[in-house]
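Let's take a walk through this structure together.

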Amino acid sequence: MKAWLSHLSLDLTVSPSSPEELARAELSSALPETVFRLDNDPSLGEGYRIQKKADGSFTISGGKTGILYGAYAMIRSALSGRGLPESLFSVPKYGLRMINCWDNMDGTVERGYSGRSLFFEGDRFQYNPLRMMELGRLMASVGLNVLCINNVNVHNPAQLLLEDFLPEAKRLADLFRPFGVRLMFSVDFSQPMRHGIPTADPLSPLVQDWWKKTAQEVYRAIPDLVGFLVKADSEGRPGPFTYGRNHADGANMLADAVRPFGGKIIWRCFVYNCRQDWRDVQTDRPKAAWEHYAFLDGEFADNVILQVKHGPFDFQVREPLSPLLLGMKQTNLAMELQLAQEYTGHQIDLYTMIPMWKEIFEELPADNIMSVAAVSNLGRDDNYTGHPLAAVNFYTFGLMAWDPETHAESAVSEWIRLTYGFRSEDEKALLKVLLGSRRTYEKYTAPLGIGWMITPHDHYGPNPSGYEYDLWGTYHKANREAVGIDRTEKGTGYLLQYPEELQKKYGDPATCPDLYLLFYHRLPYSFVMKDGRTLIQRIYDDHFEGYEETKAMAEVIRSLPFPEPDREIILSRMDRQLYNAKEWCDIINTFFRRLSGADDARGRTIYD
Ligand code: GCW
């Protein structure tokens, strides 16, 4: 990441005053030989048009930030060896392309694997302005335009972000503005109660007035703030349910407060019973979001956006698309992805996400999905992402949020070129490793869509029954005969939340894609899969393969000429991944062998 930036020679100590000025400066320092004309055309909004003239010069037309995005598109293209496009027109598919940081004001980062917070320390703002501008540039260079700086779990004193810290927040917003990046704050739904108001009931006029007055102050300081991000009634956070109100009541009340300023409320739909009794077979966690929101379709104000995690659980390696993203047609929606590798290897194991995102975006139909967000993988580490190769996820998220048709392979090779400038065989070798890394991780962790066999709370390493008798609603129910949850209409009925053709496809184990089998079905180990293997044999095979692939990956990684300090970090993390993959492989295989009593048909070692 740092390395990609280091290709850009512009001196950021001279801070730019506008996107256009920044575009001009970046172009003349990165491509000094070429003449560019910047043509302000507000009708293009954030989009841009590039045209080569007969005299060899280029015109980049666009709205305020469109010109900047056009300039970065040129620079990316030139520096990655593709040459300068002679004619190009591009507009972003999604209006808000957001990074959500889960940073706390004490300097910690929830699910952060790249060091401490870039923004906060010691319960106050503490940042390096130069790094803030670097981050702004990093975002702008791939088209990202919204940064939520604080955790959706709003802890003290971030609750005061709306008051005591406003001057600081304003300074930060000023730094990001020339990069076309607008800030957003997570807020606590019960905030008025810290100000002597006895309730946070959204229908109380006292509460409504408090939010209106607060929004006014916030927007006076930061007129282009995107709005507020809210996690309510989720994992212990306060929300409208306390007052017998629904989430449209809660979101619309806040939406009224920010409306006069053009603000938006981004309301998260990650709501489920996190105090489930494992003996309760009626409740099925993936059903929760639909049950809480689907009946409210059409009830949300036009400046509310419901932000829905891409899958119905919680960023597992494989999940189907959330039914809310398919079914809420009268509501503005944003899809939430997670760059932070919470369940996917903590930025120790390699896990390149774009192949997974391609699958997700391909299934996304609706025009009411107007925005995308990703939980940040950034921190104070020099390289920003902890693992230098995890930066590919940040980079390609930006490209996908701009254009979900982005070609996975080209995007990853572009990043490799810009970052390492390897000769072609090395580039190809790294490309293959990165593109295959998600499948490999999937193979050595929980099998076939079942998820959750991970060490509780910390979420790194195997613990097949760690969540089995816990409160979180994440069970696999493996016994001596079978594993998985039946989510068809004969089982929990989750599948009924989908359109009919998907119910058909996933409802029958014979047509359900293998990789989703144990998400939708409870099957005996002797179940015969499409390729003739039994389920248990497939589980064993995947795990052995996952570990073998990791060993092969490590060989390639060791052979590549990464510069220092990246090389040392990459190699030491690769060793930790190898250990992790072996642990997963052996523990999962042993777990299933002990239950099923089945031997591996190929006689490989599975421990007793
Ligand atoms: O999976 C959970 C994470 C929490 C996170 C939550 C959420 C911010 O383990 O750390 O809290 O998801 O998305 O709100």
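**Cysteines, then the ligand**

Counting a disulfide as a pair of cysteine sulfur atoms within 2.5 Å, we end up with zero disulfides here. Take Cys269: it's in no disulfide, and the nearest cysteine sulfur, that of Cys148, is 16 Å away. Cys269 counts as buried because its relative accessibility is 6%, where buried means under 20% relative accessible area, with a 1.4 Å probe and protein chains only. Cys512 counts as buried too, at 0% relative accessibility.

A quick word on what you're looking at: this is a predicted model, where local features need pLDDT of at least 70 and side-chain atom pairs count only at pLDDT 80 or more, while totals for chains, interfaces and linings use all residues. Residues are numbered from 1 along each chain as its sequence is written, and side-chain values use heavy atoms, leaving out hydrogens and water.

Now for the ligand. There are 14 residues around it, and Glu110, Lys231, Lys309, Asp314 and Glu342 come nearest; a residue belongs to this group if one of its heavy atoms lies within 4 Å of the molecule. Sorted by class, this shell has eight charged residues (Asp, Glu, Lys and Arg), four nonpolar ones (Ala, Val, Leu, Ile, Met, Phe, Trp, Tyr, Cys and Pro) and two polar ones (the others, Gly among them).

Key: Buried means under 20% relative accessible area, exposed over 50%, partly exposed in between (1.4 Å probe, protein chains only).
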